[in-house]
Amino acid sequence: ILGGGVRGGQVYNSFPRQLRKDGEQDVGRGRLVPKYPWESMMVPIASWMGVPEAAMDRVFPNRRNFQAQHIIAKAALFK
């Protein structure tokens, strides 16, 4: 994410501990199951853009499938 009000220089998610075949995130044919959803980054951006909290599950229906700590806080991304 680029911009003047962004807290840059951070890695908010984690990299897989191993990338080899049969690793804990390996689902075959070079594909990995992510530990963090796409929503982990998009929810705070949507909040910053004005989407109310009450609408977040409608905008991001997959958000319910992950624990709250997998969603980055808006204050962590923006100054």
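The side chains of Arg63 and Glu53 meet in a salt bridge, with N and O 3.1 Å apart; the term salt bridge stands for a side-chain nitrogen of Lys or Arg within 4 Å of a carboxyl oxygen of Asp or Glu. This pair links distant parts of the chain, ten residues apart: Arg63 sits in the loop between helix H2 (56–59) and helix H3 (74–77), while Glu53 sits in the loop between H1 and H2. Helices here are DSSP runs of H or I with at least four residues, numbered from the N terminus. The structure is a predicted model, in which local features need pLDDT of at least 70 and side-chain atom pairs count only at pLDDT 80 or more, whereas totals for chains, interfaces and linings use all residues. Residues are numbered from 1 along each chain as its sequence is written, and side-chain values use heavy atoms, with hydrogens and water left out.

Arg63 counts as buried because its relative accessibility is 15%, and Glu53 counts as exposed because its value is 54%. In these terms, buried means under 20% relative accessible area, exposed means over 50%, and partly exposed lies in between (1.4 Å probe, protein chains only).

Arg63 also forms a salt bridge with Asp57, the closest N and O atoms being 3.0 Å apart. Asp57 is partly exposed, with a relative accessible area of 28%. Through shared partners, salt bridges join Glu53, Asp57 and Arg63 into one network. As background, side chains of opposite charge can pair when their charged atoms come close.

Across the whole structure, the search finds three salt bridges. One of them brings together the side chains of Arg17 and Glu24, at 2.7 Å from N to O. Arg17 is exposed, with a relative accessible area of 68%, and Glu24 is partly exposed at 46%.

Attention now turns to a serine. Ser40 lies in helix H1, which spans residues 39–48. Ser40 counts as buried because its relative accessibility is 1%. A polar atom of the Ser40 side chain lies 2.8 Å from the backbone oxygen of Pro37. Leaving aside residues up to four places away in sequence, Ser40 touches Asn13, His70, Ile71 and Ile72, where contact means heavy atoms within 4.5 Å.

Definitions and conventions: Helices (H or I, at least four residues) and strands (E, at least two) are DSSP runs, numbered from the N terminus. A polar contact is a pair of N or O atoms within 3.5 Å; within protein, one must be able to donate a hydrogen and the other to accept it, and residues adjacent in sequence count only if both atoms are side-chain atoms.
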